[in-house]
Structures are given as structure tokens and as C-alpha cells.
Amino acid sequence: MMKWSTLKIITGLVATAVVAVTAVSLSNEVVANPPVTGEIKVPQEVKQLLERACYDCHSNETNIRWYDKLPIASAIVSRDVQEGRKHFNFSTWDSLSANEQKSLLWEMYNMANAGRMPLPAYTAIHPQSKVSAADLTVLKNYLNTTIVSAINDTAKVQAAAKQRMQQVQQPQPGNLRVYYNGIQHMPDYHSWQVMSTTSRFDNGSMRIMYANAIAMEAIKRKEIHPFPDGAIIAKLVWEKLEDGEGNVRPGKFINIQYMVRDAQQFKDTDGWGYARFDGPALKPYGTATEPSKCASCHKAAATTGFVFDLPTKN
Amino acid sequence: MVTYMKAMQLVFAVFLAAGILSSCNEVSGKELNIREYAFNDSGLQVITHWINEKAGTMSVLYGNAAAMEYHASDTGKHAAGESYTLATYKQQDNTRWYGSKINGELQQLETVSLEPRPENAGTGYRISYENRRQASGATADTTGRVQTILDAKVSLFPYYKRSTPVDNKGFALVELFTSEGCSSCPPADKLLEKLQQDNASQPVYVIAYHVDYWDHQGWKDRFSDRAYTERQRSYADWLRVESIYTPQAVVNGASEYVGSDETRIVKAVTSEVNKAADNTLTLTGQQQDRQLTVNYELTGQTRNKTLFLALVQKHAATQVMAGENEGRALTHVQVVRQLLPVEVKPSGHATISLPADYTKDGWELIGFLQHTGTGRITAATRLN
């Protein structure tokens with residue numbers, strides 16, 4: 001009994017001291033809330049979920065609690081909000097293209113489904129922001145309503161025909177394209193082994209993934225944690241052409257994407273260098289910040305060495 | 001007290017957060033269920049791929065160098081030597097990305113090989129199946145399947161380097177099925193000798209198998225063996241020939257002719273020599289007493305292919321005392337005395353016991369790689 005009360009008194013004193021010290025050092029402004037210019041428009045049920053789970057970091061309506069202003073905590077909060085808004089911001093959603101909006105919503109679902117988002121450290125302090133299985137179903141049902149059928153889409157058929165014409169007429173690019181992180185287009189990809197093929201119903205594309213000899217050997221030996229340096233995966237993306245009979249064939253070539261393994265060179269992006277070249281002209285996509293965006297999404301595939309399209313037994 | 005609780009929760013949370021952040025890239029020890037690779041496609045290149053939503057399958061169509069050439073040249077005319085492989089997989093959910101379906105279990109492999117068919121001056125085809133599940137209605141229509149594969153259009157690919165198996169020089173292996181007991185055979189033996197002499201500087205290899213089904217017509221051919229008759233029966237299946245006969249010549253396992261039909265055999269040999277080979281085969285060997293150890297090295301796609309080592313006696317003469325050739329003195333060239341199938345690896349070795357009448361100068365060893373589904377011979381060479 002005696003022991004218990006002594007402990008209680010000491011703990012109380014320490015706690016009081018902590019509260020006293022921290023109270024005077026609360027940050028006044030952790031992050032500013034700029035104006036909301038073009039907010040996301042989704043059904044009420046979805047909107048409420050986003051507000052509850054995502055808005056603190058992914059909007060200009062960040063709700064700063066008093067404990068977010070504590071030292072250390074305020075620095076973390078400030079960093080997370082800045083990063084979050086940079087990735088996407090529901091308050092300026094209108095500034096994104098329809099395609100960008102769509103792909104972000106699917107990414108959100110998959111990041112939440114993989115337990116990557118909201119950040120576990122954030123939900124530990126803000127338990128009300130946790131995304132439940134029921135919440136995931138709400139989001140999934142909404143996504144399913146956004147799937148557009150492309151059966152006998154003549155615009156897509158013509159786009160493929162046009163690209164074919166141009167490809168026949170124009171010589172292939174003489175200089176190899178180089179991405180912001182130094183990754184080059186690799187014309188040998190076509191001789192690598194096919195790792196997998198995918199059919200994407202979220203964005204109407206179909207893909208072939210090739211693995212170079214080092215990557216293929218690692219996969220065969222199931223030694224992919226981590227993948228060895230020198231492993232390369234190339235992903236080719238085409239638009240789907242559907243005939244209404246269930247037959248889907250590749251139409252227009254959209255892009256080629258690379259994952260190049262070098263634990264040292266690409267240590268900021270989990271050891272993988274990411275690159276994407278668009279269209280037959282292989283135009284480097286986006287800006288220099290693109291590889292880090294790729295890496296953040298690929299965290300959802302950490303269990304398969306950050307590679308989404310590894311064939312596994314379900 | 002509420003404040004105190006909040007503060008403790010916060011201190012705890014900060015520690016928790018630090019722990020989570022530092023372990024962000026670690027992966028739980030969860031057992032990974034990576035699918036075994038059921039189809040090794042090295043040596044082939046992708047032509048296109050497609051999805052069948054009704055069947056829930058996804059397929060990849062591959063071609064050999066000749067098939068890629070067809071798709072690059074855009075002449076619209078298929079030619080002998082093209083080979084296509086269609087790998088069809090079950091489609092399954094990609095558990096790491098909702099919105100994506102991925103290939104699952106391999107359902108079947110279909111290979112279409114285009115072969116010269118001189119009799120109708122066109123090109124014939126052969127189709128072989130592997131990994132096939134219960135025959136379904138969709139694949140029972142062979143002609144339809146072949147048409148689907150041959151009519152497929154190449155996908156739009158960004159710039160890539162064409163593979164150059166064109167460096168693999170063409171070759172011709174002429175296999176003659178003959179017998180001392182058949183009166184039509186001596187001219188075929190003569191032609192075989194002529195082919196060898198005329199093509200001394202070319203990668204043209206000739207071998208003669210003496211079949212055993214004439215042995216009961218009065219004269220037993222001392223070089224005959226039941227195994228060679230069986231081999232000829234395999235060709236009857238592969239080349240869709242109704243019955244076996246002598247003399248029969250098969251060129252690269254792809255086309256067959258009456259063994260004395262010089263014009264057509266020479267034409268087939270020339271055509272094969274000018275075509276790129278799918279594999280390369282290199283043989284080296286050491287003889288120790290009556291044992292010959294043969295080392296081989298292979299490049300290119302070797303799936304479903306068997307390496308055959310033929311131990312050949314270069315010359316032989318027989319005075320025939322009975323049967324159709326009674327009273328004739330026959331001379332033979334390139335008589336196969338042993339045929340050894342070897343399981344294929346990229347490189348390996350095999351040991352052959354040499355017979356008592358073996359001499360180093362009078363015999364030789366010829367190796368060739370054959371597809372077990374179609375019979376096509378994709379590489380041949382001799383041990384120097």
C-alpha cells in the first residue's frame with residue numbers, strides 16, 4: 001500500500017512538471033490553413049470519411065489539437081501536413097486533371113487497404129481517424145461506380161491506328177531517353193523474361209512486366225527481401241480495346257516504366273529507382289519529384305519487395 | 001487529471017511514432033507465396049498479349065526470331081520456320097492492388113510451327129499442346145486456334161533492340177530411313193552419299209537409320225534396330241504421314257520426302273541452311289578406352305527439347321544374299337549404330353560405350369536438338 005501511494009505521488013509530480021514545462025513551450029502556429037479554392041466533390045458518405053481520416057494532412061482545413069503544438073510533436077505534424085498537401089490536397093482538388101483525380105482515389109483506397117494510410121503514428125494519437133473495414137467498403141463501392149466500360153470505343157481504336165501509322169513512318173528515337181534520376185530507357189527489355197501481365201479495371205489499361213536476368217533469378221529463388229542490386233523490372237502499359245465479347249487487346253501504347261535496384265544510389269526511395277517514359281517518343285514523365293511519389297505508393301507492396309505485380313498464389 | 005492522461009498518451013504516442021517511423025521499411029516475417037515459374041520464355045519475344053474476360057484468362061503470344069521477322073517486315077506472308085507459342089494463364093485478383101488483375105496459374109501452352117509443304121507449294125502448320133487442362137470446346141477447334149495465333153497483330157512496342165539469333169547459322173539434318181531388304185533403297189543411299197559430298201563445306205549432316213520391318217522379308221539387315229522403326233513412327237505422327245515406308249528422308253524433322261527424290265530434298269536442304277536456327281549446339285569430347293564422354297553446350301530456348309547423340313559408322317558394305325536385293329553388293333554411308341537421347345540442360349555431358357568395331361577414323365558423332373512436341377530439329381552439329 002505504502003509503496004503504491006509513493007509511486008503515485010512521484011508519478012504525479014513528474015507529470016505535473018512535464019505539463020508545466022510543455023504548457024509554456026506550445027507552438028503558436030504549427031501549420032497555416034490557406035483558403036479552400038476547389039474542394040473535392042464526392043457523395044456525402046465518402047466526403048465524411050475523407051474529412052475524418054485524411055483532411056488533417058491532405059487539405060487546407062487541418063485541425064490542430066493542443067497536443068499537436070507540443071515540442072517534437074509540432075515538428076512531426078508540420079512535416080506530415082506539408083508532405084500530405086504536396087502529395088494531394090482535397091481543398092485544391094479542382095486543379096487536378098480528371099485522370100489524376102481518379103488515379104489518386106484508387107491509390108488512397110489501396111494505401112488504406114495496405115494499412116499504410118492514414119499514417120499509423122497519426123492514428124495512434126487520433127484514433128477517431130482510423131479507417132475501418134466498413135469505411136473501406138464505402139470507398140470501394142464509390143470507386144466501383146467510377147469504372148467506365150470501354151467496349152467498342154472508336155476513339156481508342158483510332159488512337160491506336162494513328163499511333164501505329166506514326167510509328168511506321170517515323171524512325172525510332174536515336175538518342176536514348178534519360179530520366180531525372182539518371183535511369184535510361186533500355187532497348188534490351190524486349191529480350192527479358194515476362195514476369196507477369198495485368199489487367200487494370202481502375203484505369204482501363206493492360207500491362208506486361210519484364211524482369212531482367214538478375215531480377216528473374218531473385219524471384220525464382222524467392223530472395224527478394226531486398227531485391228539484389230542490378231535487378232530491373234520494366235512495365236509496358238497499353239490502353240485496352242474491348243470488343244463486347246469479352247476479348248481485350250492492347251491499343252495505344254501509353255508508357256514504359258522502370259524499377260531499377262541500387263540500394264545505395266536510390267536509398268531515398270527504398271533502394272529502387274523509378275522512371276517513366278510516355279508514348280512512342282518516350283518522353284520523360286512529370287518532374288524531378290516523380291520518383292519519390294512512385295516510391296511512396298510502392299510502399300503498399302513492401303511485402304513483395306515494393307513490386308506490386310509479382311505473381312503470387314492468393 | 002484529464003490533462004495528465006492526455007500528456008501520458010502523448011508521450012507514449014511519440015515513442016510509438018518513433019518506433020513505427022524507424023521500422024517503416026521492415027517487412028514482417030510473413031511467408032511469401034511467390035508463384036513458381038511454369039513457363040520459361042527465354043529465347044522467345046513477345047508479339048502481343050490479350051485478355052478473355054468471359055473465360056477469365058490472360059494470354060501472352062511469343063515468337064521465335066523468324067516470327068518476329070514476319071511481324072517486323074509486314075509482308076503479310078507467313079513463312080516456314082516461324083514458331084509461335086501462346087501461354088494462357090488463369091486471371092486472378094492482385095491482392096496488393098484493388099483495380100488490378102494478374103496472371104495466376106498457367107493453363108496451357110500452344111505452339112504453332114510453320115513447316116514447308118512442297119506438295120501444295122504452300123506452308124503447313126503443326127500445333128502442339130502442353131499443360132492442357134481438360135479439353136474444352138474453345139481449344140478443340142485446332143484450325144481456329146492456329147488462325148487466331150497466326151492472325152494476331154503485333155502490339156505497339158517502344159523502341160527495342162531486335163534479338164539477333166540470326167547469327168545462329170542455319171543447318172540441315174537429313175535423316176534417311178532405309179533397309180538392305182528393300183529394293184528401292186539403294187538409290188536413296190547413293191543420294192545420301194552425294195548430299196554429303198556436295199555439301200562438304202556446309203553445315204549439312206546426313207545419317208541413315210536401318211529399320212527392322214524388312215527383316216522378315218528374306219534378308220536380315222545387320223544394322224537394323226526396332227528403335228529406328230519407332231523413331232520413324234514418331235515422324236509419321238509429327239508429319240501426319242499415314243504409314244511408314246522406305247526409303248524416307250526427313251529434313252530437320254520438318255518435312256519428309258521419298259528418299260531418292262533428289263530435287264525436292266536438295267531444295268529443302270538449301271532452304272534450311274539459309275534459315276536462322278533457334279539454338280546453337282557445341283560438342284566436345286574425350287575418349288578413354290571404350291568410353292566416349294561428350295560435353296555439350298546449348299543456347300536459346302530449350303524447353304521441351306531433347307538432345308540426341310547419334311554414333312555413326314561412316315561407311316559399310318554388305319553382300320546381300322537374299323530378299324529383294326539378293327545378289328547385290330550394297331554400300332552404305334553414315335549408318336546410325338547408336339542413338340542416345342539426353343535430358344537437356346544449358347550444358348552437361350553424356351557417356352557413350354563404344355562398340356567393338358569402333359575406329360576413330362571410321363566413325364563420328366552427330367548431335368541434334370529436337371522439339372518433342374513438333375519433331376522440329378532446332379540445332380545440329382558434329383563432334384570434331
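A disulfide here is a pair of cysteine sulfur atoms within 2.5 Å. Keep that cut-off handy, and remember that you're looking at a predicted model.

**Stop one: chain B.** Select B:Cys182 and B:Cys185. Their sulfurs sit 2.4 Å apart, so under the 2.5 Å limit they make a disulfide. Look along the S-S bond: the angle about it is 95 degrees, and the link is right-handed. Now check how covered the two ends are. B:Cys182 is buried, at 1% relative accessibility, and B:Cys185 is likewise buried at 1%. Counting over all chains, you get one disulfide.

Jump to A:Cys54, which is in no disulfide. Which cysteine sulfur is nearest to it? That of A:Cys57, 9.3 Å away, which is too far for a bond. Both residues are under cover, though: A:Cys54 is buried with a relative accessible area of 17%, and A:Cys57 is buried with 15%.

**Stop three: helix H9 of chain A.** Select residues 213-220. Colour A:Ala215, A:Met216, A:Ala218 and A:Ile219, which are buried. They lie on the same side of H9(A), because they cover an arc of only 160 degrees around the axis. Just past the helix, click A:Lys222: its phi is positive, about 60 degrees.

**Last stop: zoom out on chain A.** Switch to cartoon and you can pick out ten helices and six strands. Of its 314 residues, 47% count as buried.

Key
Residues numbered from 1 in each chain as written. Chains lettered and ligands numbered in written order. Predicted model: local features only at pLDDT ≥ 70, side-chain atom pairs only at ≥ 80, totals over all residues. Heavy atoms only, no water. Helix = DSSP H or I, 4+ residues; strand = E, 2+ residues; numbered from the N terminus. Buried < 20%, exposed > 50% of the residue type's maximum accessible area, 1.4 Å probe, protein only. Arc of directions from axis to C-beta.
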